[in-house]
Amino acid sequence: MKKLQQLLPWIVLVLSIVYAGQKLARPEKIDSPFDLNTFRQIPVSAHGRTKPLDTVARNSLMNISGRQSIRTDQGSVSAIEWYIELITSPEASIKREVFRIDHPDVLTLAGLDTEDRTRFSFAELRDVGNEINRQAMLASKVKAKARDPFQRAILVLNQRMMLFSELSQLTSPYLVPPLTVGEDWRSFVSVLNENPQDPDARALLSVLQAFRNNEPDAFNAELKKFRDLVDSHISYDARKSRYEVVFNQVQPFIIASYLFVVAFLFGCFGMLCAQLTKPDWSKSLLASMTAMVWVAFTVMTIGLASRVYLQGRPPITNLYSSAVFVGWFSIIIGLVVDRQMKLGLGGIMASVIGFVSLVVAHNLGNSGDTMEMMQAVLDSNFWLTTHVVVITIGYSATFFAGFMGIAYVLLGVLTKTLDRERGKSMTKMIYGVICFATVTSFVGTVLGGIWADQSWGRFWGWDAKENGAALIVLWNLLILHARWGGMIRDRGLVQLAIFGNIITAWSWFGTNMLGVGLHSYGFTNSAIFWLSVFVISQLAMMSIGMIPMAMWRSKFAKAPPPPVPESTSVQ
Amino acid sequence: MMIRKLLKPVASLKLTVVIFALSIFLIFAGTLVQVHTGIWTVVDQYFRSLVVSIELQIFVPKDIATIPGSIWFPGGLTLGVAMLVNLIAAHAVRFKLKKKRIGIILTHLGVILLLVGEFVTGFAAREGNMTIREGETVNFVEDIRSSEIAIVDQADPVDDLVVIVPEQLIETDTTIVSGLFPFTIEVTEWMPNSQMLGPMQAPESRKGLADTGIARELAALPLPRANGVDGATVDAPSAYVTLMNGEQRIGSYLLSVYVDQPQMVVVDGRTYWISLRFARTYKPYSLHLVDFKHDLFTGTQMARNYSSDVRLVDEGRNVDRDVLIYMNHPLRHAGETFYQASFLRDDAGTVLQVVQNPGWMIPYISCSIATLGMLIHFGIRLVPTLRRRP
């Protein structure tokens, strides 16, 4: 038995590496006589970025239907299959039920309210296209913030139908690459209109014609020719495109999130064993958890590094990537804390925050390309690297302290595991993480001020996002000074740390939701609901923490109060 | 000893925490209120004031509930000074100059400097705009938050004689008299913010309020002052005035910042040019816009970059050179900094923001000191903790 306990972490480590490794190394291939695996690697230009057709197809299908593939009775149709059908045989494609519509009034408007589905075909919507368009025009005259749900829904539907048309008419993305120096990407249609004999456009045209005529051999041969042409002129972009397709298929963040779930379960069982006084098993399970967190962390790092390579930018460029980064850095803190505390809590926290951040990121990324181009003023790798990364580390640390606070409350109230020594060691860790959060959020905020001074001429402009950053700094300072002044002890520290979650979430997302100021580029709409849910849940945690300690299941509070922290006596 | 006793409560950590809490609430409210109110009004009312009246409505969206009433709250100036006093008092009373405390002392020194810097910026910084069309040379900065009536006499072949009537003197039903020009200006209507309407758009009541110059084609309609909602943060004043030469009526005019060209006034055979414009400050240097570029990402309407290729000439400083001003790359010259801020329609010209802030270096210095202090303070404590394996 002892043997198994010692071996388990190693077995888990090897299994996780094998799982992640085979997922990473063997991306799924499309099984088709047409070489669609090569076709989807073709670089194109959309929304100002050079990317593979695969990304365009996935993002467009995601935008229109909320999924990256179509489920039919005959099985699943991948995004690229859908896309090539759309551009070569639109008459078939318009019958595919891809348009997701949820709003009942929109369904009534389209005469589809009797159907028991949520996805509809372009053919079904085409008949009422004019009415949809008219309603969208009416809605677009209302200011964005004042629109009602119907108006928002009709605008979304109209935008999806326009995207569908643009794709099928080949006006977007730009398919003809720059083949001479100084040239830019061109739209396939406009090139053919200007010069029907244009060799580059003709080469692509033969590829598409071969597909339409259902000639796999001709398709594969023409595709190879076209690909070699592109490769010889924009080899760097072509290489990146191929890598991006692999990245799309592998989806490292999804692999990591699965690993986090399993790691979390190991952690929970480990804590349970500690509760049941089976220390050997507890130790073994917690070590297994740590091993899995390490593997998940590695996979996530590969994902982040891939994004950096593909974008040619620092890791954080929008809300989506900030969520990924917060998760990533929290894991680092979690692993450090784990090493210090040996309670397994750091690992559990790491897997929870890692998983939650990836879910948040996944939902933020639903709207389209997560590697979109940036507004002109943000176009500065230096400041993106320094200010944005440091401030996001500050967010991560503040969150981590807050989540440790929650763990403290839950363990204390619900279990008997939180003895005096553990409680002390947890609050020490929370205190340490808050110190770290104070430094990083302060430095990050200051760097933001310097960037603002460089680009707008004022160090501090009282802009919503700047204020949000200042709130985090001030809140952390408040906690530290209250602690130094002896105004709060362990439980107070824990409670204030949990409230720090609310402040951080508000600064991170809430300020964007106001839609004011220079930083309002990350505006998200449905997130308002989730932010409110989060705030309420944190307040609930704090009220649980308010339960008199005599009623906590962990009875450490009955011991005499701990001495005043050493730092106050020095002052 | 006496001073110590007095300072002790002022230096308390409890007070520090209270100031932090009040500041957090003030900043939170000052952020929420920006949904309804323009940033400049908010900065003046909330962050650079002694007290502020915070309307309770800002915490709840209007469509959920209407909440009347407001609370008085200490403003940013009060809290900033309180923080400064608390900090200085704490060092006078509690902190001893010990090696162990060096980090904290440096941090606090940095924070003190930072607060001082914000006061300097609040009182001394000047912001203005320079709007230059391609091919044009401009040697003045406009303050888009105040306006003036300018009367120009071009009789002298070398120098123009310019008389300025600042906005503060202009009000409805006032008469402006000056020995520097031979007519009086009777202000029949002063509009601090306005809208310009064409002959077809103007309602009957606003037609024919003046009979000379552009007033024959255009009419002005008063608007409430810009509060930042709908993106309008700048007031565009207009005025209806009647010019009198003694008892003799010269004509009634519509003056407006919307109108670029001054309007002609002829008195006793002499020509004067009158206009209402944003308040100008003339500079010893000039900027000539060679080219304005507005690059887009391929196939999108999304801006990739804005840049202004300008020629900077300052004879007094022996400067005559080409400069490229673009995003994140301002020009610093003669204590002023020029930023790419905006542009004219159809990319016809550029709008540069010109900032003069004698305290611009203070945040850089203070933040470096504070950061160094924090790193030392927490470094001294954290590193041994991390090294000590349990």
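In chain B, strand β10 (residues 238–245) and β11(B) pair in the antiparallel sense over 8 bridges, where strands are DSSP runs (E) of at least two residues, as helices are runs (H or I) of at least four, all numbered from the N terminus, and two strands count as paired if DSSP finds at least two bridges between them. Within this pairing, Y240(B) has L254(B) of β11(B) as its bridge partner. The structure is a predicted model, in which local features need pLDDT of at least 70 and side-chain atom pairs count only at pLDDT 80 or more, whereas totals for chains, interfaces and linings use all residues. Residues are numbered from 1 along each chain as its sequence is written, and chains are lettered from A and ligands numbered from 1 in the order in which they are written.

Both strands belong to an open, antiparallel sheet of 4 strands in chain B, ordered β6-β7-β10-β11. Because β6 (174–176) and β11 (248–256) of chain B each have a single partner strand, they stand at the edges, and one side of each is left without a neighbour in the sheet.

The contact between the chains draws 51 residues from chain A and 49 residues from chain B, two residues being in contact if their C-beta atoms, placed from the backbone, lie within 7 Å. On the side of chain A that touches chain B, the elements giving two or more residues are α19 (420–455) and α20 (464–484) of chain A.

Chain A is assigned domain 1 (36–238), domain 2 (247–367) and domain 3 (391–558), with bounds that come from an automatic or database domain assignment. Taken over C-alpha atoms, the centres of domain 1 and domain 3 of chain A are separated by 43 Å.
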